[in-house]
Amino acid sequence: MVWNDASLHDTVRLESLRASIWERYFFSQPDSAFHYATLLYEGAETAGMKQMMAEALNIQAGTFYFRGELDTALVYAKQYVDMYEQY
């Protein structure tokens with residue numbers, strides 16, 4: 001995958017990971033989507049990319065929503081909104 005290629009710029013790598021989560025995992029494999037969203041968040045945090053960190057939180061909220069864990073989904077959704085408002 002592109003996101004594993006350390007020779008590429010962080011923006012390219014993280015955007016590739018984000019797109020992959022939405023296209024491959026989000027609707028069919030929420031556990032995998034959460035795992036990769038965690039990697040996305042950590043990579044974005046290291047790169048100082050708050051918008052991508054917020055996107056990762058949004059994905060994580062959605063994975064809990066699809067699993068019917070609404071209270072946890074709301075926790076992540078609130079974190080997403082708070083971070084989104086910061087940038």
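This is a predicted model: local features need pLDDT of at least 70, side-chain atom pairs count only at pLDDT 80 or more; totals for chains, interfaces and linings use all residues.
How are α1 and α2 oriented to each other, roughly parallel or roughly antiparallel?

**The whole chain**

Begin with the protein chain in a cartoon view, where the secondary structure comes to 4 helices and 0 strands, so that, read along the sequence, the pattern is α-α-α-α. The C-alpha atoms fill a box of roughly 40 × 30 × 15 Å along the principal axes. The radius of gyration is 12 Å, which agrees with the value near 12 Å that a compact globule of 87 residues would have. If you colour the chain by accessibility, 33% of the 87 residues count as buried. Among the contacts with a separation of 6 or more, residues 24 or more positions apart account for 48%.

**First stop: α1 against α2**

Select residues 10-25, which form helix α1, together with residues 30-47, which form helix α2; their axes come within 10 Å and cross at roughly 165 degrees. An angle over 145 degrees counts as roughly antiparallel, and α1 and α2 are therefore roughly antiparallel to each other, which settles the opening question. The crossing in which α1 passes α2 is left-handed.

Now show the side chains where these helices meet: on α1 they are D10, L14, L17, R18, I21 and Y25, and on α2 they are P30, S32, A33, Y36, A37, L39, L40, G43, A44 and A47. Sorted by class, this contact has 12 nonpolar, 2 polar and 2 charged residues.

While α1 is still selected, pick out S16, whose place is in this helix, and which is partly exposed, with a relative accessible area of 22%. A distance drawn from its C-alpha atom to that of L40, which is 24 residues apart from S16 along the chain, comes to 9.8 Å.

**Second stop: α2 against α3**

To see what makes the contact, display P30, A33, F34, A37, T38, L40, Y41, A44 and E45 of α2 alongside M52, M53, A56, L57, I59, Q60, T63 and F64 of α3. By class, the contact of α2 with α3 has 13 nonpolar, 3 polar and 1 charged residues.

Is T63 buried or exposed? T63 is buried, with a relative accessible area of 0%, and, leaving aside its neighbours within four places in sequence, it is in contact with F26, P30, A33 and F34.

Next select F64, whose place is also in helix α3; at 11% relative accessibility, F64 counts as buried. Its C-alpha atom is separated by 8.4 Å from that of F34, a residue 30 positions apart from F64 along the chain. Beyond the neighbours within four places in sequence, F64 is in contact with F34, E69, T72, A73 and Y76.

Then move along the helix to M53, which lies in α3 as well and is buried, with a relative accessible area of 7%. With neighbours within four places in sequence left aside, the residues in contact with M53 are Y41, A44, E45 and M83. A C-alpha to C-alpha line from M53 to Q86 spans 11 Å, although these residues are 33 apart in sequence.

**Last stop: α1 against α3**

The crossing of α1 and α3 is left-handed. The side chains to display are L14, E15, R18, I21 and W22 on α1, which make the contact with M52, E55, N58 and I59 on α3. By class, this contact of α1 with α3 has 5 nonpolar, 1 polar and 3 charged residues.

Note on methods. Residues are numbered from 1 along each chain as its sequence is written. Side-chain values use heavy atoms; hydrogens and water are left out. Axes are lines fitted to C-alpha atoms, for helices over the stretch in contact, and angles run from 0 to 180 degrees between N-to-C directions. Helices (H or I, at least four residues) and strands (E, at least two) are DSSP runs, numbered from the N terminus. Angles under 35 degrees count as roughly parallel, over 145 as roughly antiparallel, 65 to 115 as roughly perpendicular and the rest as oblique. A crossing is left-handed if the near helix is turned anticlockwise from the far one by less than a right angle, and right-handed if clockwise. Contact means heavy atoms within 4.5 Å. Ala, Val, Leu, Ile, Met, Phe, Trp, Tyr, Cys and Pro count as nonpolar, Asp, Glu, Lys and Arg as charged, and the others, Gly among them, as polar. Buried means under 20% relative accessible area, exposed over 50%, partly exposed in between (1.4 Å probe, protein chains only). The radius of gyration is taken over C-alpha atoms; the globule rule is 2.2 Å times the number of residues to the power 0.38.
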